[in-house]
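Have the model open as you read.

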Amino acid sequence: MVGIRGLVKKGLGDMGFNAGGGAINWFPGHMAAATRAIRDRLKLADLVIEVRDARIPLSSSNQDLQSHLSSKRRLIALNKKDLANPNIMHLLELVEVKLKEVISREPTLLVMVVGVPNVGKSALINSIHQIASSRFPVQKMKRATVGPLPGVTQDIAGYKIAHQPSIYVLDTPGVLVPSIADIEIGLKLALSGSVKDSVVGEERIAQYLLAVLNTRGTPLHWKSSNSRRMEGIQNEFAEKVEYSLKNLRTRRKPANNSGVLYIEDLAAEVQNALYSTLAEFNGDVGDENDLERLIEQQFESLQKALNIPHKASEGRLMVSKKFLTLFRAGKLGPFILDDVPDTNTS
């Protein structure tokens, strides 16, 4: 990972992580007020579910809240936006087990759900309500608002999801620390959608993603996978409503008139472009200068693959937006961006 760190420090760091340069600072007024309110209400919570992004299980932890959470009965949930993901179904089973444990001892339960922006807190609450409705007498609950961008929930909202026993859930706004000094952690949060793209810049986020893919050799593993058929893809894509086709569609229309298959074809073109550039590259991706040179070549290849007209700055921006949308929609495959320790080794 020397190449990535070098590029972040030398390339992206020199450009400035955001418009002001240096550490990222996206801490709007509602976030400051929400952080204070969360700390106050944590004292009342019987169970805290801290939701983190499974792609960045370490970086998506809010360090300012950890000292307050450590003294509470807590469940750390690794979540993604798509609840149909098998990992999420396992997560919901674990949530159900924990709820049953607490309910067996307490007639009234207050569950608080916390996390950084856009990790799926509200979607998880809706799923917890589904679990409760199948186990206990319930009253109709207004569904928590779910959206693809950070900052959808801006106030703490309370829901009674069951009675006999009485179960209340508090949905809280996503909050970050006031300033993220570690540039790479900030880039991971931006790449996963916890920070608004406009704060960092789509091009810089795309550069970071390319650096990660190249240093891991990920494109070299894509060639064989691109022969897979599209069986069942349409149903899978229909559930991912948060990403609009208009963000990916170029001016030509797909020959088969299927937007879903068109997106899959587009993802394959992107994967092939990155595979070819990396396979033919004669430099060292562990060297930041070589890695920068490779990324520049890949931007040109992606522009052709995405059929974007050649306009220097505007073209790079469009490449970055479409590339990031494919990644966030899961069309480039599953990823864990954090360096997670291997617990199986002695």
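Contact here means heavy atoms within 4.5 Å. The model is predicted. Two packed helices are described by the angle between their axes and the distance between the axes.

**Helix 6 with helix 8**
- Helix 6 covers residues 183–192, and its axis comes within 10 Å of the axis of helix 8.
- The two axes cross at roughly 105 degrees, which makes helix 6 roughly perpendicular to helix 8.
- On the helix 6 side, the contact uses Glu-184, Leu-187, Lys-188, Ala-190 and Leu-191.
- These meet Arg-204, Ile-205, Tyr-208 and Leu-209 of helix 8.
- By class, this contact has six nonpolar residues, three charged and no polar.

**Helix 8 with helix 12**
- Helix 8 spans residues 202–216, and helix 12 spans residues 288–305.
- Their axes come within 10 Å and cross at roughly 110 degrees, so helix 8 is roughly perpendicular to helix 12.
- The crossing of helix 8 and helix 12 is right-handed.
- Helix 8 contributes Glu-203, Ala-206, Gln-207, Leu-210, Ala-211, Asn-214 and Thr-215 to the contact.
- Helix 12 contributes Leu-291, Leu-294, Ile-295, Glu-296, Gln-298, Phe-299 and Leu-302.
- The residues of this contact divide into eight nonpolar, four polar and two charged.

**The largest nonpolar core**
- The largest nonpolar core has 81 residues.
- Ile-49, Phe-323 and Leu-332 touch the most other members of this core.
- Leaving aside neighbours within four places in sequence, Ile-49 is in contact with residues including Leu-75, Val-95, Met-112 and Ile-128.

Note on methods:
Residues numbered from 1 in each chain as written. Predicted model: local features only at pLDDT ≥ 70, side-chain atom pairs only at ≥ 80, totals over all residues. Heavy atoms only, no water. Axes fitted to C-alpha atoms, helices over the stretch in contact; angles between N-to-C directions. Helix = DSSP H or I, 4+ residues; strand = E, 2+ residues; numbered from the N terminus. Parallel < 35°, antiparallel > 145°, perpendicular 65-115°, else oblique. Left-handed = near helix turned anticlockwise from the far one by under 90°. Nonpolar A, V, L, I, M, F, W, Y, C, P; charged D, E, K, R; others polar. Core = buried A, V, L, I, M, F, W, Y, C linked by side-chain atoms within 4.5 Å. Buried < 20%, exposed > 50% of the residue type's maximum accessible area, 1.4 Å probe, protein only.
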